[in-house]
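Welcome, and thank you for coming along. Please open the structure in your viewer, keep the selection tool at hand, and follow each stop in turn.

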Amino acid sequence: MEEILDVENVSISFIQYTKGLNQQELQVITDLTLDISEGEILAVLGSSGSGKSLLAHAIFGILPENANLNGKIKYKGKELTQESKEELRGKEITLIPQSVNFLDPLMKISDQAIGHTESDEEKNEKKIKQREIFEKYNLGPEVDEMYPFQLSGGMARRVLVSTALLSNPKLVVADEPTPGLDEKTVEETLNHFKQMKENGVGVLLITHDIHAALEVADRIGIFYSGYVIEIAEKEDFTGDGENLLHPYTKSLYKALPANGFELTPGHQPLHGEIPNGCPYYNRCDMKFDRCENERPKLIDLGNKKIRCFKYEEGE
Amino acid sequence: MELKATNISFKYPSANKYLLKDINLELDNNKIIGLIGDSGSGKSTLCKILSGYISKYEGTVTFNGNTLPKKGFKPVQLIYQHPEKVMNPKWRMDNVLKESWDVDDEFLKEFGIQKSWLTRFPQELSGGELQRFSVVRSMNPNTQFLIADEMTTMLDAITQVQILDSVLKIVKQRKMGFLLVSHDMDLVNTICDDKIYLNDINGA
């Protein structure tokens, strides 16, 4: 399968004013590395407020102006620039935003799904396509004329999903698609991702919901204090979690009520208090001396990746 | 201790149909009960009635034989999903806590609250960190019954265990009552002594 998206060592920081004219640089993402192939669903799992949505914003080139982006984001092997992001977004790469709040409240659904058009001819063409896809997602003609506030939670989700698919994208980025939905709608939304996968679309699922991630993703990237600390395969999240590599991932798995509800003390270091060494140093029960001041790199184990000195060759 | 709901019925003023109808419920501090229901089934509304946040309903709610106080501190405290919605965004966290009670260091430590968080504003903390504050705030010494309505739904699994573990410890220590409302069956089965399905007791 061809690799579609390759994110290498991406870091994002913000310039903030503290008091008066004093500025401070706040590092939110320190090292994010991942890759997605055609027809693959990769979930990025991180707690809410950890900054993982910024990855989506970085891919689409919609970070705020005071943000500082480093590292490489490659699409089909080519590094993305702001210009190429603007060229590709909404066409080959599309976003499924978190909620209907991302829709224009004063614009009819069909008009905003179609978006900007140059001519009447183009508009009619797109309109037909839009109706086709909406129909496929069980959205009748009456939905075209509605405004966002008239949609139920499930309908809104279907509108966002079908709008994202309108341009036959190769890559879909879904930012927190499950919270606030009832179980039936969550199930339905996750099925949409499975369908995309079958059609060869690559899906980047950004979520805090481990159940959703385990249900649809092929691989899961664990995001911790601004780092991707492990990329594991879905099958690793079984049994006692013995195939999971990072101690944090193991703890996360064992903390699920169905897997023992085990207590692990400590908290993720906040933005701005991230230690020099391994971000998990304070909580780790198998740390080495070097972990305190040396940052482990993400080690490539083929499909899996792990950021921990324990798995370095020769140790 | 007894939190008792008798023939509770509720409908929104604009609705024709009752959301809750003739609900009878008796809760105490001997057993931890899990309340389960689909979204939109009226779980949260029932929680608000039981804790005194909704006053226009039919039926009666009594706590230890008395109706819930309309003024002053409420002995039945409710914690719900979104801590950011119950805090003044312009207050620093130490003031947010002080609004309820003077919390000692040991208590903060039990709930994993770092001293450095106290000078931050709510929007400078993550959901898990804020929810810890929300819980500590509701643990005023006068609180006798705690209702947790999807309290840990937005949190990662590790934070969920940490918060619930501390809550249950205090609940047992102070012999408080505790009602857990959740859609997560695994969670309910793990920590509750008994469970109630809202559909079974709702006549609507």
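Before the first selection, a word on helix axes: an axis is a line fitted to C-alpha atoms, for helices over the stretch in contact, and angles run from 0 to 180 degrees between N-to-C directions. Helices (H or I, at least four residues) and strands (E, at least two) are DSSP runs, numbered from the N terminus. What you have open is a predicted model, in which local features need pLDDT of at least 70 and side-chain atom pairs count only at pLDDT 80 or more, while totals for chains, interfaces and linings use all residues. Residues are numbered from 1 along each chain as its sequence is written, and chains are lettered from A and ligands numbered from 1 in the order in which they are written.

**Stop 1: two helices of chain A**

Select α6 (153-165) and α7 (183-198) of chain A. Their axes come within 10 Å and cross at roughly 10°. The helices α6(A) and α7(A) are therefore roughly parallel to each other (angles under 35 degrees count as roughly parallel, over 145 as roughly antiparallel, 65 to 115 as roughly perpendicular and the rest as oblique). On the α6(A) side, A:Gly153, A:Gly154, A:Arg157 and A:Val161 make the contact, and on the α7(A) side A:Thr185, A:Glu188, A:Thr189 and A:His192. Two residues are in contact if their C-beta atoms, placed from the backbone, lie within 7 Å. The residues of this contact are one nonpolar, five polar and two charged. Here Ala, Val, Leu, Ile, Met, Phe, Trp, Tyr, Cys and Pro count as nonpolar, Asp, Glu, Lys and Arg as charged, and the others, Gly among them, as polar.

**Stop 2: a proline in a loop**

Now select A:Pro169, in the loop between α6 and β7 (171-175) of chain A. Is A:Pro169 buried or exposed? A:Pro169 is buried, with 21 other C-beta atoms within 10 Å. A residue is buried if 20 or more other C-beta atoms lie within 10 Å of its own, exposed if 12 or fewer, and partly exposed in between, with C-beta atoms placed from the backbone. Leaving aside neighbours within four places in sequence, the contacts of A:Pro169 are A:Glu92, A:Ile93, A:Thr94, A:Ala164 and A:Val201.

**Stop 3: the nonpolar core**

Next, pick A:Leu204 and A:Leu205, which touch the most other members of the largest nonpolar core, a set of 125 residues. A nonpolar core is a set of buried Ala, Val, Leu, Ile, Met, Phe, Trp, Tyr and Cys residues joined through C-beta atoms within 7 Å. Not counting residues up to four places away in sequence, A:Leu204 touches A:Leu5, A:Ile36, A:Leu42, A:Val44, A:Leu171 and A:Val173.

**Stop 4: a lysine in another loop**

Select A:Lys108, in the loop between β6 (93-96) and α3 (109-114) of chain A. A:Lys108 counts as partly exposed, with 15 C-beta neighbours inside 10 Å. Its C-alpha atom is separated by 6.7 Å from that of A:Asp144, 36 residues away along the chain.

**Stop 5: where the chains meet**

Show both chains: 21 residues of chain B are in contact with 20 residues of chain A. On the chain B side, α4 (127-138), α5 (157-173) and α6 (185-191) give two or more residues, and α5(B) gives the most, with seven.

Then select α9 (residues 247-255) of chain A, where the buried residues include A:Tyr248 and A:Leu252. Their cover includes β9 (219-224) and β10 (227-233) of chain A together with α5 of chain B. α9(A) and α5(B) pack at an angle of about 60°, with their axes 7 Å apart. That makes α9(A) oblique to α5(B). At this packing, A:Ser251, A:Leu252 and A:Ala255 meet B:Ala157, B:Ile158, B:Gln160 and B:Val161; by class, the contact has five nonpolar, two polar and no charged residues.

**Stop 6**

Finish with B:Asp22 in strand β2 (residues 20-28) of chain B. Its phi is near 50°, a positive value in a residue other than glycine. Most residues other than glycine have a negative phi. B:Glu150, in the loop between β7 (145-149) and α5 of chain B, also has a positive phi of about 50° although it is not a glycine.
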